Amino acid sequence: MTDTDSPAPDGSACYVYGVVPAEAHAPRGVEGVGDPPSPVALVRHRQVAAVVSEIDLGRPLGTPGDLLAHSRVLDSLAAHRTAVLPFRFGALVRDRESVTAELLAPQQERFLAGLGDLAGHAQFSVRGSYRQDRVLRAIVDERPDIARLRDQVAALPEDAARLQRIQLGELVSQELTTLGAQDAELLMRTLAPLAARASSADATADRPVNASFLVPHSGWQEFERAAEELAADWDGWLELRLLGPLAPYDFASQVVDVQEGGPPWD
Amino acid sequence: MTVAPRPSHYLDRPSSSGLVDVIDLILDKGLVIDIYVRVSLVGIELLTIDARIVVASVDTYLRFAEAVNRLDLRDDKSEGLPELMDDMQEGGARHKTRGALEGAKDTVSGVVDRVRGHGDDDSDDDEEEEEQPQERPKRRRSAAARKERAE
């Protein structure tokens, strides 16, 4: 819960959102982390710059407002087509001098290479959720074993049917996961060819579709159109939600790790 | 084929991300600076750690069992997941094992509440809380009852 490291939590520190090319502009009109928020600024070192704001250490970090501010700053950079390497939420460095001397100077080359890979792209994320009643109805229709168990459970008082309820829920959950994996595969087949990189989380019963795509600026409209067509095909069955343009949260570490000769992105 | 250009009619296209989406997007994502280099990192209490607990559990199964149970097979009006999520959120932060992202919103605010010394109002619940989580949210129960009467 507590990230203990150095000094007493009073005074201020430098909250680091991410790294951008030195020629980038600080996001304007976007409020940063903290209450009240300080202006978001760039700390430049040669060809790279850290996106930072001052933060008061007098209160814990991680309120809903802080999380929203973190993504708002990074996403506004992405929306303005600035390449950005997002840092994980909660990166705090003592002061601007340390940002330059200890973060940017030693990592310049690595950051620059990562930014080069991401230049001209932004992340889009697609979330899907089933129209629950419609899908559950289809499952009951197609699985006689589930339909039977459902009838049994319905006939028994709630307390008596506990084990059957758990079994029923498990079967339904497994079936939702299977359906989700099929739908997620179709989504990846449709959208991944429009992206430079793509990644998809395994389907779960609650979240059949959860995928992210690194899309070139020139392809944003086409990508959105393809997502819209999928959503139209799935109307009433699976609701799609498209988020973006976003900072490349799902791809930044891969890009930087690859520079290091780490495991390639898969 | 439709000729007229169609705006995003089927696709949910929010102009800015809501909290649940943001938690999903950013937690555990992005570069971690202290693994690359020793920096003068400042320690501060982070509130968000609990938000990513995702545990499949009996509780989850019971939730799906309830959903499939209250399904009225003759009713062709479809309830969207958002409504189900509202229902579940009434269960509040006490279902720690509920897992799933829609719980994270509760968890974050729940953590904040706890840190501030509020939110410790669970003690008036019945003893069998862990045993019968499906009975908790009152609106869910009455919604199910309404459906039964309608049948």
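1. Let's start with Arg81(A), which is partly exposed because it has 14 other C-beta atoms within 10 Å. Here, buried means 20 or more other C-beta atoms within 10 Å of a residue's own, exposed means 12 or fewer, and partly exposed is in between, with C-beta atoms placed from the backbone. This is a predicted model, where local features need pLDDT of at least 70 and side-chain atom pairs pLDDT 80 or more, while totals for chains, interfaces and linings use all residues. Residues are numbered from 1 along each chain as its sequence is written, and chains are lettered from A and ligands numbered from 1 in the order in which they are written.

2. Arg81(A) also has a phi near 65°, positive although the residue is not glycine. To find Arg81(A), look in the loop between α1 (64-79) and β5 (85-86) of chain A; helices (H or I, at least four residues) and strands (E, at least two) are DSSP runs numbered from the N terminus. Arg46(A) is another non-glycine residue with positive phi, near 50°, and it sits in the loop between β3 and β4 (48-56) of chain A. Arg46(A) counts as exposed because 12 other C-beta atoms lie within 10 Å.

3. Two cis peptide bonds are worth a look. The bond from Asp35(A) to Pro36(A) is cis, with omega near 0°, and Pro36(A) belongs to the loop between β2 (12-21) and β3 (41-45) of chain A. The bond from Gly244(A) to Pro245(A) is cis too, with omega near 5°, but Pro245(A) lies in strand β10 of chain A.

4. Stepping back, chain A has seven helices and 10 strands. Its C-alpha trace spans about 70 × 45 × 35 Å along the principal axes. Of the 266 residues in chain A, 48% are buried.

5. Which strands make up the open sheet of four? The order is β8-β9-β7-β10 (chain A), paired antiparallel, where pairing takes at least two DSSP bridges. At the edges are β8 (197-200) and β10 (238-246) of chain A, each pairing on one side only. From one strand to the next, the twist averages 15°. Helix α6 (residues 220-233) of chain A packs on this sheet and touches β7, β9 (209-216) and β10 of chain A, its direction making about 165° with that of β10(A).

6. Zoom in on β7 (residues 121-130) of chain A, which is joined to the antiparallel β10(A) by seven bridges. Val126(A) has Leu242(A) in β10(A) as its bridge partner. Arg127(A) is in strand β7 of chain A as well, and with 22 other C-beta atoms within 10 Å this arginine is buried. Beyond its neighbours within four places in sequence, Arg127(A) is in contact (C-beta atoms within 7 Å) with Val209(A), Asn210(A) and Arg241(A). By contrast, Leu104(A) is 23 residues away along the chain, and its C-alpha atom is 34 Å from that of Arg127(A).

7. How do α3 (residues 132-142) and α5 of chain A cross? Their axes come within 11 Å and cross at roughly 105°, with axes fitted to C-alpha atoms over the stretch in contact and angles running from 0 to 180 degrees between N-to-C directions. α3(A) and α5(A) are therefore roughly perpendicular (65 to 115 degrees). Val135(A), Leu136(A) and Ile139(A) of α3(A) meet Val172(A), Glu175(A), Leu176(A) and Leu179(A) of α5(A).

8. Finally, the partner chain: 75 residues of chain A are in contact with 55 residues of chain B. Helix α5 (residues 162-191) of chain A gives the largest share of chain A's side, seven residues.

Notes:
Contact = placed C-beta atoms within 7 Å. Parallel < 35°, antiparallel > 145°, perpendicular 65-115°, else oblique.
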